[in-house]
Every structure is written in structure tokens, then in C-alpha cells.
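Thanks for passing this one along. Here are some notes to read with the model open beside you.

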Amino acid sequence: MPTKIEKDAVTGKETTGHEWDGIKELNTPLPKWWLYILYATIAWSAVWAVLYPSFPGLSGHWRGTTGWTQRSAIVQQMQAVEAERAPMLERIRAAALDEIRRDPDLLQYAMAGGRVAFADNCAACHGAGGEGRPGGFPNLADDSWIWGGTLEDIHVTIRHGIRNTQDPEARMSLMPAYGQILSRQEIDDVAEHVLSLTGRSTDAASAARGATIYTEQCVACHGERGEGVRAQGGPALNDAIWLYGGAKREIAAQIANPRMGVMPPWQGRLDEATIRMLTVYVHTLGGGE
Amino acid sequence: MRVDRPAKAAEAPMSPAQGSLYANRVKVYPARVHGRFRRFKWAFLVFALAVYYLLPWLRWHRPGDAPDQFLLIDLAGRRFYLGPLEVWPQEIYLVTFLLIFSAIALFLVTSLFGRVWCGFACPQTVWTDLYMWVERRIEGDRNARMKLDQGPRNGAYWTKKVTKHAIWLVIAAATGGSFVLYVQDAPTAVRAIFTGQAGAWTYTFVGILTFTTYALAGWAREQVCTYMCPWPRFQAAMLDTQSLVVSYRAWRGEPRGKHKQGESWDGRGDCIDCRQCVNVCPTGIDIRDGQQLECIGCGLCIDACDAIMDKVGRPRGLIALDTLADMQACERAIAGVPPGPRRVEIAAAAHTPLKLIRPRTLIYAAVLGLVGLLMLGTLAMRETTELSVLRDRAPLFVTLADGSVRNSYTLKIVEKRHHDRTLTLHLDGLPGATLAGLGVDEARDRTIPLSVRPGSVATHRVHVFAPAGAPLPASTPVTFRLVEPDGREAARHASVFLAPGR
């Protein structure tokens, strides 16, 4: 846009020289105090640059006379937060698990802390809401527990884990690979019997043959009517929950060549207060006993 | 303060573009004035300041723990109290209504009477007026003040200046102090402020408001209106030819000139060029130059001119609240008539009546009424108990050992009433469904009791169980209902129940 400074006929003042759709603007001066505010902000920034980290140098930068850094600030903030949390965490560490659940203050705190710890540590395998994942990661929100769903049971499971090699007190159970012990037909019969535990059998003769084998081989861990034996970590076979699938083919595959999940011990990785908060949180997901 | 005004070229006080890019401030020394507008301005000033300083002290008894202050913006408790009205944060739309209502009211008043907001009601005007009154009491009227500023910096000078600024600061501190009383209990807060027990935020806000009051009303004054405020820039959009604005009747006043007592008025205008209208103007402009951005429409020049007209024996109203339409009608009527008293007589018959009712004002009034009705309607129909339901999304549903399906929901119950009671939660739309709360030892049942506490937002987690066996679609619409002890429905909320589906 060509700049043509001219005198305005009405006021006798000069225009800015710009024209928008035939409208010209008078070149009205800015008040002086406005200018002084600009100078004040420049002076302010100079002071600021001395007080705080500012200019880069060849090796490093000006660190400011206050010694402030973002990193030291975050460390201080974290320390302040930890100091604020300490008394409540101490109470949670000292309280019995059931006390935490019955004290509204403790419960609220444990739920909030447990939710965060769960998302950080557990959700990868057990899902964001404890819903589990296909392929052997159990649902923690249902009412079927392999190792028990009381607060104490859950506490032990989280602390020591399952079938891991790190913790000698880990919950341990092993299902033999019956593919090397039983014939294909026998495995098929046992699977048919397992189906009959939930009333889904379609071949009574096969199920009856399987029942004999089940009584010899399976009862110790899975119970007489397939109700499961928690002390052994034997899952219930008479309910609607199947860790590796409930179709006959999937049951037969699990008998022949069982898959067994591993859970690491969290004792040592997480502090006791966090583990107790996690215990209460998992207990409230929907299946706590 | 003379920028941007359509003055005659010869009269332009400075030609800035030829000189500095920055203008020195021309200090305004408004003179004292008496008259109708001044009296109304004083009355409104006393009223407005009384409301501002005293309103936080008005008490209003409320039951329970609720605060007993008539008007309280309870930041800590997240409530707004106004007499019997208690507004919760989720009703913030009422504030939106209020803002729209205020804006339209401002438009309506402006289109009827010009810038009455700027001239009488704006806090900047009210506090500036108060500060100028203090200034006049201490330093004297216009001439005395000008002489003082130009005179020697002696003891008298400093005594007056220090006294003035001290009083200004006291007023500013009282203004800042009163501001924080709107957000906390006034008697407690005042005691805390004076004993040094108040919080850092309280002192910060008292400090900020003290500073802005002192700086804006004491120092910046008309600069706020001309440089900072957006309202003068677009208020012209609300004006039309029928709006009352402060106008100099040039057809009557010109040609202006000095007038000696006993001289004839024939062949000249009524303006004796005494510059009283300029001297009393709080923004330092000359109304005889016509409508301009700086004019705040306070009408003090009308008072000044009327007094002069009385003195010289001419009718009042050389400067008046007038409409552009009336000005033009008068100009047409006197066309061809030589200047002199004849013009006033002719124009007296030509005045057009004031037209308050016209499409613009009707539309503003209609919108104003509509927003007002909406606001009242919303207030009258607002719920005292509200239920909202948030479905758990992780997991979407849980299949239980016996084959039944469970969904979990988070219920929020907002209870604005002030008494305890136990409501019953029902679920419609899912045959055979049972409910269970998440508390310790809660049983599954068709309905469950939920206790509500007055003035609270309670969060409840609720499990819903669909029995095994019945084939469920992937999604079933359900409705949660809260039922009062007397069987009336208190609130309801729709949601869905999800199942594996097939």
C-alpha cells in the first residue's frame, strides 16, 4: 500500500498515509505515559534478566543471582507434596486392611492413591479398569478369584506375585502338560466332562469317561465339582469365567498344553503404603470378598 | 486532552504529526458548577458509593452453616448468595444471562439517552468525581489549582498536595478493602485485615484495588475514557437521530462573540464565548465542536451554560440534551433568518417531539424483556435435587461367575435444599435387575437407599446386576430415578446397560 502522508482537510492534522476503502486515519500521537510504561517494562526485564537465568554464554549460561532453576523448583515442589502426603501414608501403613476400608478418610485416600498406582503398574496387563485381557490376564472386577478375593489374599498376591522366580514366597502352582500323559481321546473326554460342569455337555458317554479321569487327575486342584481350590491356585471350572476361553477346543488345548500366567512381586518395587492402597483399590473394583 | 476532535483547522492546538510522536498530557482543571445535572450526579454518586461500601455489611439470616451475609461470593465454598437466592457453580449460566441482560440494558439506555452510563454510573466517573471533590476542597477551584501548579513549590504547596494524596489513598484503600468483603464474611474479614491475620490473597487484592483506584481516579481520569475504554469506540452504533445527546445548538449560538451588558442581541448568536462549558468539562473538551469521542455525556456543560444564559438574560438551553433530528428541524426552520433572538422564537415552534418508541428501542426492549423472562423462568424452575449418572467405561461390563452381567455407574446427587433425608434409587428398563451400593456390607436389592446431606454434592458408585439367563442386547436403555420418602420423584437420569450381546 503506497504511503502518502497528507493533511486532513477538516482537522488540519496529518494522516497516517494508509487508506482502507476510502477511510483515512489521523495520525494521532500516543500519550507520553504510554511510552513511559513501555520503558518501565524494559527496565523490569533488565532486572529480571539479572535475577533469573537468562543469557547464553560459550560454556553454560547466566544463572541469575537468585539461583532459581526449573529443576530445583520441581524438586522442591515434589518434596513439599511428599511432606504433605507423609502423615496419611503413615496411617495407611499402620492400619489393618479392613480398617482402611471402613474409615471413610482412609478409604478415599487409598482409592485415589490406588487408582494412580494401578494405572501406572497394573493396567498394562489387567486393563485400565481391572477388566483383564485375553490370553491369561485375569479380570479383577468379577467375582471369580483364582488365589482368593479377600483383602488379605489380594495383599499377598500383590506383594509376592505369581509363579515368578524372584520371590521365593510367590504363589506357585503348576498344571502338568496332559498332552504327554493322556491320549487325545482321553483329553477330549475330560474336556467334555468339564463342559458338563456348567451343563454344556452334548455327549453324556464321553463326559462319563472323562469324569473318571477327572476324579483321578484333576480333583486335587480343581475340586470335585470343579469349584476350584484356592489354596492350590486351581481355578473354578464350574462358572462362566474362563481365563483361556470356555469353548471345548480351548479347554482341550489348555489340558494338553497348559498356559500359566506370571505376575511379578511388587514388594520392593512399590512401598508398603502403595501396595496397601492398591489392595483396597482392587478389592473395590467389584469382586472383593 | 485534545486529540482526534473535529476542531477547525485554525483552532487545532497542536499538529502532532509535525512534532513529537507522543503527546504530552494536557492536564484538565474542571471548574465547580451548579445545576440540575450536577445535583443528579451528586445524588447518584452518593447512592452508588453507599451501595458499594455498605452492601457487604447487609446481613441475611440463613439456616444451617450457610453464611449470613446478604450478598456473598463464597469462593471457598463455591456458592453465590444473594438474599434468598443461592447459586451453585453449575448454574453459572445465570451469570451469562445477567451479563447479556446488562449489556442490552446498556444498549437500550444509550439509544434513548446517550452516554448516561459514562456520565453518571461508570465507576471511573463516580470515583473520579469523588476524587475531584476532595481535590477541590483542598486545593480550591479551577483557577486556584492552576495557580498552585504553576506557582512556587513552597510549604503550602506541599501541604496541600500531601494532604490530597493521603486522602485519595485512604479512599482507595477503603475501596480495595470493600472489594474483598464481597468474597468473605465482612465483619470477620475486616477484623482480620486490621489485625494482620488475613491471607496473602486478601492483602494482594486490597493492594491491587487500592492501586487501581488511586491511579485511575487520581491520575489517569479522562485518559481511561479516551485511551483505555472500548465502550466510547462503539457506543456510537447504538445512537441514532432520535437519541438524546449533549448538544451545542450552533444554529442559536453562532456567530459567537463577547457581549457587553445592554448590547443588542440582534445579528449575533447567543454564545458569548465565555468558555464556561470548556472549563467545567471533566474531559477538557469543547462541546461546541460537536459530538466527539471524549464527551462522556455528563451534562455539566449544560449546567454551566444555563447559569450564564440566566445571567445574560437569554433563555436556557443553548447547550442541551437534544436529538440530532430536533437539531436538524430547528436548523431548517431558521434557514434564511438572520442571527438573533428571532431564531429562538421560530425554532421554539419547530421543535420535534421526543420519539422514545422507535424500532431500535423496541427491539432492544424486546430482547431485554426476553432475556429477563428467561432468567426469571430459569430461576423459578431450577431443580433443588439433581441427579447425573456417569457410566463406567473401563470395564464396559463384567461377566460374573454365575453368568450374570454387571455394569457400574457413578451417581452424583446435587442437593441444594437444607434438610437431611434418605432417597430411594430405582432403576427402570431392565427386568429383574438388582442394585448394590459400593459401601461395606451392602446388599443387592431392587431399590437402594441413598442418603443426601443438605447443600452437598454426593458421589455414589452403584453396581447394577442383570440376571443370568435372560439374553440381553448389547445396549439396553435404562433410567435411574430418585424417589422422595413421600413417593414423589426427585430427579431422574437416563443411561444404558451394556452386555456382551450376540
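1. Let me start with B:R78, which counts as exposed because its relative accessibility is 55%, and the cut-off for that class is over 50%. Keep in mind that this is a predicted model. B:R78 sits in the loop between β2 (71–74) and β3 (79–82) of chain B. Its backbone deserves a look as well: phi is near 55°, a positive value in a residue other than glycine.

2. With a relative accessible area of 25%, B:D273 is partly exposed.

3. The loop between α11 (250–253) and α12 (276–280) of chain B also holds B:P255. The peptide bond joining B:E254 and B:P255 is cis, with omega about -10°. B:P395 is placed in the loop between β7 (385–391) and β8 (398–399) of chain B.

4. Is B:D306 buried or exposed? It counts as buried, because its relative accessibility is 4% and the limit for buried is under 20%. B:D306 is part of helix α13 (residues 300–312) of chain B. Setting aside neighbours within four places in sequence, its contacts are B:R36, B:R316, B:G317 and B:I319. The one to pick out is B:R36: it lies 270 residues away along the chain, yet the two C-alpha atoms are separated by 9.8 Å.

5. Next, a sheet in chain B. Which strands form it, and in what order? Four strands make an open sheet, arranged β12-β10-β14-β15, with antiparallel pairing. At the edges are β12 (448–452) and β15 (489–498) of chain B, each of which pairs on one side only. On average, neighbouring strands of this sheet are turned by 30° against each other, direction ignored.

6. Within that sheet, strand β14 (residues 475–483) of chain B runs antiparallel to β15(B), and nine bridges join the two. For a specific pair to display, B:P477 has B:V496 in β15(B) as its bridge partner.

7. Over in chain A, there is a helix pair to consider. Helix α4 (residues 104–121) of chain A packs against helix α11 (residues 272–283) of chain A at an angle of about 95°, and their axes are 7 Å apart. That makes α4(A) roughly perpendicular to α11(A), because angles from 65 to 115 degrees fall in that class.

8. What does each helix bring to this contact? From α4(A) come A:L107, A:Y109, A:A110, A:M111, A:G113, A:G114, A:R115, A:A117 and A:F118, while α11(A) supplies A:T274, A:M277, A:L278, A:V280, A:Y281 and A:V282. By class, the contact of α4(A) with α11(A) has 11 nonpolar, three polar and one charged residues.

9. Finally, a word on confidence. Chain A averages a pLDDT of 91, and 98% of the residues score at least 70. Among the elements of chain A, the lowest mean pLDDT, 80, belongs to strand β1 (residues 15–20), and the highest, 95, to helix α6 (residues 151–160).

Notes: Residues are numbered from 1 along each chain as its sequence is written. Chains are lettered from A and ligands numbered from 1 in the order in which they are written. This is a predicted model: local features need pLDDT of at least 70, side-chain atom pairs count only at pLDDT 80 or more; totals for chains, interfaces and linings use all residues. Side-chain values use heavy atoms; hydrogens and water are left out. Buried means under 20% relative accessible area, exposed over 50%, partly exposed in between (1.4 Å probe, protein chains only). Contact means heavy atoms within 4.5 Å. Axes are lines fitted to C-alpha atoms, for helices over the stretch in contact, and angles run from 0 to 180 degrees between N-to-C directions. Angles under 35 degrees count as roughly parallel, over 145 as roughly antiparallel, 65 to 115 as roughly perpendicular and the rest as oblique. Ala, Val, Leu, Ile, Met, Phe, Trp, Tyr, Cys and Pro count as nonpolar, Asp, Glu, Lys and Arg as charged, and the others, Gly among them, as polar. pLDDT is the predictor's confidence in each residue, from 0 to 100. Two strands pair if DSSP finds at least two bridges between them.
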